[in-house]
Amino acid sequence: MIQPVNSSKHFVAIGGNIGVGKSTLTGILAEAFGWKAFFEAVDENPYLADFYADMRRWSFHSQVFFLSRRLQHHRQLVDHPGSVVQDRSVYEDAEVFALNLYQQGHMSERDYGAYRDLYEGIRAFLPPPDLLIYLKASVQTLQVRIRLRGRDFERDISAEYLSRLNVLYDEWIARWKSCPVLVVPADDMDFQHDELARQAIIEAVRESLEPAPVRYLHYPVNTR
């Protein structure tokens, strides 16, 4: 097990589009550094299958569930005595998914306003992560990985939907100022199966825990 640069408590959040590999990387970093992993509560969301079948009817319910579950995790993160790594943060629920639903007409103005007020009110009391890892991938890569994990309710997610989310993710990361960001080119890095890629990310995370604005992981590494 690789230990961090110092023994300070760290809070690392992993963000990125559907199927990009957040859960996989969460497990890798938890094992490498001895951190506590907090995984996204996708399979526990009782609204998710209904949401994909009828987004306008169930979008508010689904987003509020994710928000409440993420806040529970945030409380656990704050109270945990050691370092933690989180699979998807509370921020992207609001800044990406809820915003997209509203922009596409799948969430009414009234529901989005209520959701946003709740999010903004709570966010003011949330300590930000020490590091945000953004897994960035093309729609083609996302579609392949979504098919491989075989969740029935994700089978009909369109390329257009994933593309819109990618745009919103990029815009969110561009305006994010609350903590350092490590941008990982997930198209080029099979960190689940490639040991070189896995070690490159681990070492980049170690370095990124030193304060800096935005970092880009360049892969493959030029060793010449």
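The dialogue below works through a predicted model, asking on what grounds particular residues, pairs and spaces are given their labels.

Student: Why is Val 84 called buried?

Tutor: Val 84, which lies in strand β3, has a relative accessibility of 1%, and since buried means under 20%, Val 84 counts as buried.

Student: What does Val 84 touch, leaving aside residues up to four places away in sequence?

Tutor: Contact requires heavy atoms within 4.5 Å, and by that criterion Val 84 touches His 10, Phe 11, Val 12, Trp 35, Lys 36, Phe 38 and Leu 77.

Student: How do you know that the buried residues of α6 line one face of the helix?

Tutor: The buried residues of α6, which spans residues 139-149, are Val 139, Thr 141, Leu 142 and Ile 146. Viewed down the helix axis they fall within an arc of 155°, and therefore they line one face. On the other side of α6, Gln 140, Arg 147 and Leu 148 are exposed, while the cover over the buried residues includes α7, residues 159-175. As background, an α-helix has 3.6 residues a turn, so residues three or four places apart point the same way.

Student: Which residues are linked with Glu 95 in a network of salt bridges?

Tutor: Arg 116, Glu 120, Arg 123 and Arg 175 are linked with Glu 95 in that network, and by the rule applied here the count of salt bridges comes to 11.

Student: What makes Lys 136 and Asp 170 another such pair?

Tutor: Their side chains meet at 2.8 Å, N to O, which is within the 4 Å limit. Lys 136 sits in strand β4 and Asp 170 in helix α7, 34 residues apart. Lys 136, at 36% relative accessibility, counts as partly exposed, and Asp 170, at 32%, is likewise partly exposed.

Student: How many residues separate Arg 164 and Glu 160 in helix α7?

Tutor: Being four residues apart in α7, Arg 164 and Glu 160 are separated by about one helical turn. Their closest N and O atoms are 3.2 Å apart, and they form a salt bridge. Glu 160 has a relative accessibility of 55%, and because the cut-off for exposed is over 50%, Glu 160 counts as exposed.

Student: What lines the largest pocket?

Tutor: The largest pocket, with a volume of about 660 Å³, is lined by 35 residues, of which Ile 18, Gly 19, Val 20, Gly 21 and Arg 149 lie nearest its centre. By class the lining has 16 nonpolar, eight polar and 11 charged residues. The largest share of the lining, four residues, comes from α6, and α1, α2, α3, α4 and α6 each supply at least two residues.

Notes:
Residues numbered from 1 in each chain as written. Predicted model: local features only at pLDDT ≥ 70, side-chain atom pairs only at ≥ 80, totals over all residues. Heavy atoms only, no water. Buried < 20%, exposed > 50% of the residue type's maximum accessible area, 1.4 Å probe, protein only. Arc of directions from axis to C-beta. 1 Å grid on protein atoms, 1.4 Å probe; cavity = no way out; pocket = protein on both sides within 12 Å on 5 of 7 lines; lining within 4 Å. Points joined across faces, edges and corners; volume = space filled by probe spheres on them. Nonpolar A, V, L, I, M, F, W, Y, C, P; charged D, E, K, R; others polar.
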